Amino acid sequence: MTAVFNDAVTEKHITDQRVPALPRERARQADPARVDRMTRHVNRQLTEHGFPAAWPSTSSIRQSDSQ
């Protein structure tokens, strides 16, 4: 009985550690050009409706990182 419980707790712990890593892994695989296009599109829609842009374009982020 204890072994079954320990195995279940261990499995849950491994899963809990893995789940937060999934978005980071997907972000590493993202196509930067596509992300930039989507960001520009969302920001354009926001500004057309009177809201401030949500994010800077990824190209401006890359430029500021390289300085």
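**Salt bridges and other features**

Tutor: Arg28 forms a salt bridge with Glu25, and their closest N and O atoms are 2.8 Å apart. A salt bridge is a side-chain nitrogen of Lys or Arg within 4 Å of a carboxyl oxygen of Asp or Glu. This is a predicted model, in which local features need pLDDT of at least 70, side-chain atom pairs count only at pLDDT 80 or more, and totals for chains, interfaces and linings use all residues. Residues are numbered from 1 along each chain as its sequence is written, and side-chain values use heavy atoms, with hydrogens and water left out.

Student: Where do Arg28 and Glu25 lie?
Tutor: Both lie in helix α2, three residues apart, about one turn of the helix. Helices are DSSP runs of H or I with at least four residues, numbered from the N terminus.

Student: Is Arg28 buried or exposed?
Tutor: Arg28 counts as exposed because its relative accessibility is 60%, whereas Glu25 is partly exposed at 34%. Buried means under 20% relative accessible area, exposed over 50%, and partly exposed in between (1.4 Å probe, protein chains only).

Student: How many salt bridges does the structure hold?
Tutor: It holds two. Arg40 forms a salt bridge with Asp36, with the closest N and O atoms 2.6 Å apart. Arg40 and Asp36 both lie in helix α3, four residues apart. Arg40 is partly exposed, with a relative accessible area of 40%, but Asp36 is buried at 10%.

Student: Changing topic, what does Asn43 contact?
Tutor: Leaving aside neighbours within four places in sequence, Asn43 is in contact with Ala53, Ala54 and Trp55; contact means heavy atoms within 4.5 Å. Asn43 lies in helix α3, residues 32-48, and is buried, with a relative accessible area of 10%.

Student: And α1, how many of its residues are buried?
Tutor: The count of buried residues among the 17 residues of α1 is zero, so the helix is hardly covered. Helix α1 covers residues 2-18 and reaches 24 Å from its first C-alpha to its last, close to the 24 Å expected at 1.5 Å a residue. That expected span is 1.5 Å times one less than the number of residues.

Key
Helices (H or I, at least four residues) and strands (E, at least two) are DSSP runs, numbered from the N terminus.
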